[in-house]
Amino acid sequence: MYRYDEFDTTFVRQRVDQFRDQVDRRVSGELTEEQFRPLRLMNGLYLQLHAYMLRVAVPYGTLNSRQMRKLAFIADEYDKGYGHFTTRQNIQYNWPKLPDVPNILDHLADVEMHAIQTSGNCIRNVTADQWAGAAGDEVEDPRPYAELMRQWSSLHPEFSFLPRKFKIAVTGAASDRAAIAYHDIGLRLTRSANGEIGFEVLAGGGMGRTPMLGVTVRDWLPKDELLAYLEAIMRVYNLHGRRDNKYKARIKILVHELGAEEFTRQVEEEYKRIDAPRVMPPAQELVRIKDYFAPPVYEDLPDQSPELARCMSDDADFAQWVDRNVVAHKQPGYAIVNISLKPVGGVPGDASSGQMRAVADLAEQKSHDEIRVTHEQNLVLPHVRKSDLYGVWQTLKTHGLADANIGLATDIISCPGLDYCALATARSIPISQDISRRLGDISRQRDIGDLKIKISGCINACGHHHAGHIGILGLEKRGEEYYQITLGGSGDETASIGEIIGPGFSSETVTDAVETIVDTYVGLRQDGETFLDAYRRLGPNPFKEAVYATH
Amino acid sequence: MAKKITGPQILTANRLSDGMVVFLSADGTWRASIDAADVARTEDSASALEARAATFVQTNEIVDPYLIAVEETDTGAVPVAFRERRRIAGPSVQAAFNGQSNGSLAFAG
């Protein structure tokens with residue numbers, strides 16, 4: 001994992017001191033709320049419906065055990081004993097008190113963490129494939145580049161006051177687990193025809209009220225030109241982005257209004273003007289960063305573990321968990337463990353301090369001290385010996401973390417919605433809980449197979465509903481919550497935007513509608529056909545007919 | 001100029017120190033419960049509520065004060081807007097973690 005250098009350490013500490021002074025001045029009245037608001041937002045502190053909310057950055061979703069224990073400590077000491085992992089691989093605390101926040105930031109700085117640029121019209125936390133460095137299908141580990149972008153974008157003077165917030169995602173694999181097409185800039189490490197590794201660069205993707213998929217502006221970009229090319233994109237956006245209208249200010253609108261071809265032409269034109277060697281760090285700096293992401297020292301193991309096979313044969317629950325939650329590692333004898341934060345009927349993405357500590361202990365003892373946060377609001381132990389899997393599972397079970405539902409119907413993404421969020425128009429968590437209970441029987445979930453249900457409590461789409469195989473958007477009409485359903489969305493390498501199937505449903509009937517959609521799929525699917533494949537073959541009509549005939 | 005209102009109003013804000021939802025009561029204090037909220041039934045009294053709230057902004061006790069329309073029922077004032085009803089009720093989930101919750105796990109209020 002990357003470790004702060006002297007500059008990082010000094011800079012983060014200075015920001016804590018600065019914010020402590022700002023909070024003191026706010027409490028004393030020297031600063032008005034109007035003056036203070038932009039300052040607190042720059043440090044990730046929102047005022048939500050019922051309390052302040054602090055959003056802490058988890059750079060490209062990577063944590064070590066010390067950091068996770070610190071997050072647990074903060075949950076206990078300054079919040080209500082839990083935290084909420086988000087769709088941007090961050091963690092949010094829902095109940096911090098204003099005078100405590102500088103102390104929280106001090107504790108975070110102790111473990112090389114902060115909340116800078118988790119809000120505001122700047123480049124936000126760069127997200128990445130949660131299996132980076134471990135996945136078998138990876139061309140190259142994307143994290144060194146994510147770290148490079150973190151350093152480049154932190155307090156970048158030119159890009160600190162953009163027309164709107166800006167999100168970058170990066171993957172090193174052909175299977176897209178980072179939803180790159182839904183980001184302002186999406187990056188995929190890929191091989192050129194002659195086998196050289198570079199980046200495919202996408203721009204103009206996004207969710208919100210106007211969902212759009214990113215377009216490829218460069219099929220292949222040499223790796224050492226990354227930052228210079230990003231600067232060209234940022235400059236075109238910074239200059240022409242719609243600052244006059246908040247709802248049209250994201251880069252997706254600019255790309256759409258100019259057209260992909262003209263946008264690309266302007267980026268390439270700008271790129272010619274950029275002094276690339278000045279922007280890119282010296283080669284030895286990238287080597288220095290890469291060294292931090294060197295693979296752990298693996299044991300030389302056979303890929304098959306007789307112990308694992310025996311445990312799977314003896315314990316059906318464990319075998320089911322391995323089947324859904326454990327995936328292949330590039331190193332023989334090792335596996336990637338996905339930890340579900342989606343217990344049936346639970347709050348998606350929430351983890352208690354005890355659960356955080358349990359995961360930290362497991363990471364330290366069994367996963368080379370590494371933890372990942374996923375954009376689907378789960379956790380990952382990326383480097384576990386296959387022979388350790390049974391013990392890891394037993395420990396997870398003790399802490400309520402062994403649900404064998406990764407990628408199944410109850411692995412639901414949900415934003416905080418109107419239970420917490422000041423922008424929300426409807427609640428989303430109770431809907432996810434209701435659906436989770438309805439479809440929760442594990443045999444039924446396994447029969448349904450891969451299914452991504454995603455719920456947002458307002459049009460801003462933090463719950464990624466546009467990318468849900470079944471997407472649900474909570475709105476309000478005449479004092480009642482109602483829920484619009486979209487079908488056929490996907491955030492993977494075959495990205496698509498879900499289509500609205502018709503009039504919305506009340507909070508009492510939306511779960512029935514989802515169940516009807518699922519049952520319709522089960523009735524019409526062909527052998528081995530997933531929900532998404534079936535929807536793409538059948539189109540919306542059979543689902544519409546079933547839902548609106550019965551509801 | 002008197003505040004234009006369409007029905008009874010109360011004044012709400014968030015407490016500066018912790019963001020808690022509070023209401024301006026008749027005795028001039030800010031309370032976490034809506035039950036003691038001072039109800040303005042005329043435009044002049046609504047304006048007076050706003051003026052009183054402004055003094056608490058000056059003394060840094062509360063932030064973002066605003067009037068909300070309520071319906072006066074036998075059991076007290078109930079906000080007209082759905083969002084305000086949810087805001088007052090607190091999260092409807094995770095009662096075990098949440099001091100402000102009404103204790104219901106789903107779809108209360």
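His84 of chain A is buried, because 23 other C-beta atoms lie within 10 Å of its own. Buried here means 20 or more such atoms within 10 Å, exposed means 12 or fewer, and partly exposed is in between, with C-beta atoms placed from the backbone. This is a predicted model, in which local features need pLDDT of at least 70 and side-chain atom pairs count only at pLDDT 80 or more, while totals for chains, interfaces and linings use all residues. Residues are numbered from 1 along each chain as its sequence is written, and chains are lettered from A and ligands numbered from 1 in the order in which they are written.

Back to His84(A). It is found in strand β4, residues 82-85 of chain A. Helices are DSSP runs of H or I with at least four residues, strands are runs of E with at least two, and both are numbered from the N terminus. What does His84(A) touch, not counting residues up to four places away in sequence? The list is Ile91(A), Gln92(A), Asn94(A), Gly349(A), Asp350(A) and Pro416(A). Two residues touch, or are in contact, if their C-beta atoms, placed from the backbone, lie within 7 Å. Leu423(A) is 339 residues from His84(A) along the chain, and their C-alpha atoms are separated by 17 Å.

Gln89(A) has a positive phi, near 65°, and is not a glycine. Most residues other than glycine have a negative phi. Gln89(A) is also buried, with 26 other C-beta atoms within 10 Å. His464(A) is another residue to look at, with a positive phi near 60°. His464(A) sits in the loop between β17 (453-456) and β18 (470-477) of chain A, and it counts as buried because it has 26 C-beta neighbours inside 10 Å.

Next, the domains. Chain A is divided into domain 1 (6-110), domain 2 (142-292), domain 3 (321-398) and domain 4 (413-550); the bounds come from an automatic or database domain assignment. Between domain 2 and domain 4 of chain A, 11 residues of the former are in contact with 11 of the latter. On the domain 2 side, 7 of these residues are nonpolar, 2 polar and 2 charged. For the classes, Ala, Val, Leu, Ile, Met, Phe, Trp, Tyr, Cys and Pro count as nonpolar, Asp, Glu, Lys and Arg as charged, and the others, Gly among them, as polar. The centres of these two domains, taken over C-alpha atoms, are separated by 31 Å.

Now the core. Which residues touch the most other members of the largest nonpolar core? They are Ile233(A) and Val359(A), in a core of 183 residues. α6(A) gives the most to this core, with 8 residues. Such a core is a set of buried Ala, Val, Leu, Ile, Met, Phe, Trp, Tyr and Cys residues joined through C-beta atoms within 7 Å. Leaving aside neighbours within four places in sequence, Val359(A) is in contact with Met68(A), Ile339(A), Ile371(A) and Leu379(A).

Helix α8 of chain A covers residues 260-273; at 1.5 Å a residue its 14 residues should span 20 Å, and its end C-alpha atoms are 20 Å apart, which agrees. The expected span is 1.5 Å times one less than the number of residues. Phe263(A), Thr264(A), Gln266(A), Val267(A) and Tyr271(A) are buried in α8(A). They cover an arc of only 160° around the axis, so they are on the same side of α8(A); the arc is that of the directions from the helix axis to the C-beta atoms. The buried residues pack against β10 (215-222), α6 (226-240) and α7 (251-258) of chain A. Exposed on the other side of α8(A) are Glu261(A), Glu262(A), Glu269(A), Lys272(A) and Arg273(A).

Last, chain B. It has 2 helices and 5 strands, in the order β-β-β-α-β-β-α along the sequence. Of its 109 residues, 32% count as buried. In α1(B), the buried residues are Ala46(B), Leu49(B), Ala53(B) and Phe56(B). Seen down the axis they fall within an arc of 70°, so they line one face of the helix. Where does chain B meet chain A? 23 residues of chain B are in contact with 27 residues of chain A. On the chain B side, β4 and α2 (82-89) are the elements that give two or more residues, and α2(B) gives the most, with 3 residues.
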